[in-house]
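Good morning, everyone, and thank you for making time for this short walk through one protein model.

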Amino acid sequence: LSGGEQQMLAISRALLLNPKLLVMDEPTEGLAPVIVDQVAEMLIRLGHEGGMDVLVIEQNIGVACAVADQVAIMVNGRINRVMESALLAADRDLQQALLGVGRHAHDETPEPSGDARRRESAAAPGPVRIYLSNPTPPTRWSQPAPIRVIEGAARTVTDPRLGAGAAVRPMRAAGATGGAVIVAGAFDTKAAELGFIAATLRDAGVRVRIVDLSTSGKPSGAETPPHAVAAYHPRGSSGVFTGERGTAVAGMALAFERWMRAQDLVAGAIGAGGSGAAALVAPAFRTLPVGVPKVIVSTIASGNVAQYVGGSDIMMTPAVADVQGLNSITREILGNAAHALAGMVRARAARPPVAATKPAVGLSMFGVTTEAVQRIAAALEPDHECLVFHATGVGGRAMEALMDDGRLGALIDLTTTEVADMVAGGVFPSNEDRFGAPIRSGAPYIGACGALDMVNFNAPETVPERYRSRLLHEHNPQITLMRTTPEENVATGRFIAERLNKMTGPVRFFLPEGGVSALDIEGGAFWDPVADEALFSTLETIVNQTSARRLIRVPANINDKIFTDAVLAAFHELNGGMSRAKGA
């Protein structure tokens, strides 16, 4: 074997052992560029899956910064510095200072003067050329790329924030109308029902691709049989066909989610069954972009379906009768679902793609921050498409999912109340990934302590017994609000602060000293300056403030004009690449 082939074999043998810790010493050395890319993609997947820890020792800066959130710089065998990989990747001067690379005496690219840099930063938004100093991943033997090669490999972007430093997920299938509809489920137990759906779709003129997610190991006649999906599990088929139903279904759900991410053209997706069937297909359906039709017919559709829908636009249809055999009821329900999906797919294919004509901005809102959000949206709307998300747990997830998909260029996250529900056990909680989208993208982030004075419960009788003696406020007959305590605000502030510290882009987080909601105002039901100060001081203690990451106290209530004016000023400061709002 050649040296590169030996390297690939060594990596493969290590992975077959399914280790807890994989240590890789210069894994890209001697590999062809296309193989280097594959190794980098593999390492990124391993990191996302979380089942294996990986330590990579690598001199290829591009690969090292691509596969890890943090990098450690070694000098003379000792760790000299640990830093965010995005910071090292974006700063050639820092690379030169720490590693002695990135600048060479023979570098033909002139360094722009300070005046030139200021003119470039002040230039009006428009097409921007992005140049890579190494169009192909370098090795220790690489020669400097000639200017003509760098210019030939340059690409053009319209929004400067989507340049080399932005981590925006591709819009896979967002505009796909020529693909097939996925009919997915366990065909070893639901062949008749899923087959009926597939036949109905075909009769309606829709292309269909049957994906069998059975875990029994029985033969399958589907276009995509179970073993083809199971191969996408991190441990391969052995991670799915375990012989134990619970782990097998969980393994197949993960494999199907990864399989779906790898598909280029998906016109729609549909599944049917009970809670197990919904749990099997929902994670994969959620990976499809907003707008791609997705339907689940299930016996649990009339209850709480948040864990299945998440922040996506999955449509769940109650099955009425159990999805067990074909009869007069199931034929009616399954037929309606199939025809509804067929209609959505055909209509989507017939109409031109819906494209945003202005930069899109996401805003988080609650009833008690409505005035502030409406004032900001009105100021931005002449030049921006303002998408408002109700901070009900799912709303925050939907907003961040759209940022991950590249459909939101900026956030004005005024209402972070979902974190308080997560801390105290309310009904509108965020998950641990709250603020994850701006962390991953490196885009500018603007946030505030909106509605962190409250925890949400349903009707008064649903408030947990341990909270019955607390300060409660009936927002409406179905929603009861509970005032947060200083101790809860400390926990909330700690979570937010730790997430803000992980953001690599500019951050402006606002602390409204006059109250964080319409109820938290002098004389209001939730006015409690001591509890608010516990939140603010916790943030100020833990957040690592720099010139780029700042906490801003404003002596006003969150709904006051002086507060929203400060937020708008910060938005224009951080988003100079987007069109400025008129009359703000």
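Let me begin with strand S14, residues 410-413, where Ala-410 and Ile-412 point one way while Leu-411 and Asp-413 point the other way, and all of them are buried. By buried I mean under 20% relative accessible area, while exposed means over 50% and partly exposed lies in between, with a 1.4 Å probe and protein chains only. Helices (H or I, at least four residues) and strands (E, at least two) are DSSP runs, numbered from the N terminus.

Before going on, a word on the source: this is a predicted model, in which local features need pLDDT of at least 70 and side-chain atom pairs count only at pLDDT 80 or more, while totals for chains, interfaces and linings use all residues. Residues are numbered from 1 along each chain as its sequence is written, and side-chain values use heavy atoms, with hydrogens and water left out.

Back to S14 and its neighbours. Strand S12, residues 360-365, is joined to S14 by three bridges, and these two strands run parallel, with Val-361 standing opposite Ala-410. Three bridges also join S14 to strand S15, residues 445-448, again in parallel, and here Asp-413 stands opposite Gly-447. Two strands count as paired if DSSP finds at least two bridges between them. In general, strands of a sheet pair through backbone hydrogen bonds, either parallel or antiparallel.

Next, please look at an open sheet of five strands, in the order S8-S7-S9-S10-S11, with parallel pairing. Its edge strands are S8 (208-212) and S11 (315-318), each of which pairs on one side only. Neighbouring strands in this sheet are turned by 20 degrees against each other on average, direction ignored; the axes behind such angles are lines fitted to C-alpha atoms, for helices over the stretch in contact, and the angles run from 0 to 180 degrees between N-to-C directions. Strand S10, residues 294-298, is joined to S11 by four bridges, and Val-295 stands opposite Met-315.

How are the strands paired in the open sheet of three, parallel or antiparallel? The pairing there is antiparallel, and the order is S16-S18-S17. The edges are S16 (454-457) and S17 (472-476), each pairing on one side only, and neighbouring strands are turned by 30 degrees against each other on average, direction ignored. Four bridges join S16 to S18, residues 479-483, and Phe-457 stands opposite Thr-480.

Now to the charged side chains. How many salt bridges does the structure hold? It holds 19, where a salt bridge is a side-chain nitrogen of Lys or Arg within 4 Å of a carboxyl oxygen of Asp or Glu. One of them joins Lys-294 and Asp-313 at 2.5 Å, N to O, and this pair links distant parts of the chain, with Lys-294 in strand S10 and Asp-313 in the loop between helix H12 (306-309) and S11, 19 residues apart. Lys-294 is buried at 1% relative accessibility, whereas Asp-313 is partly exposed at 28%.

Another salt bridge is formed by Glu-540 and Arg-553, at 2.8 Å, N to O. Glu-540 lies in helix H19 (residues 529-542) and Arg-553 in strand S20 (residues 549-554), so this pair ties together parts that are 13 residues apart in sequence. Glu-540 is partly exposed at 31%, and Arg-553 is partly exposed at 30%. Elsewhere, salt bridges that share partners join Glu-400, Asp-413, Glu-418 and Arg-434 into one network, and you will remember Asp-413 from strand S14.

I will finish with two residues other than glycine whose phi is positive. Glu-26 has a phi near 50 degrees; this residue sits in the loop between S1 and helix H2 (33-49), and Glu-26 is buried, with a relative accessible area of 14%. Phe-435 has a phi near 75 degrees; its place is in the loop between helix H16 (418-424) and helix H17 (436-441), and Phe-435 is buried too, with a relative accessible area of 0%.
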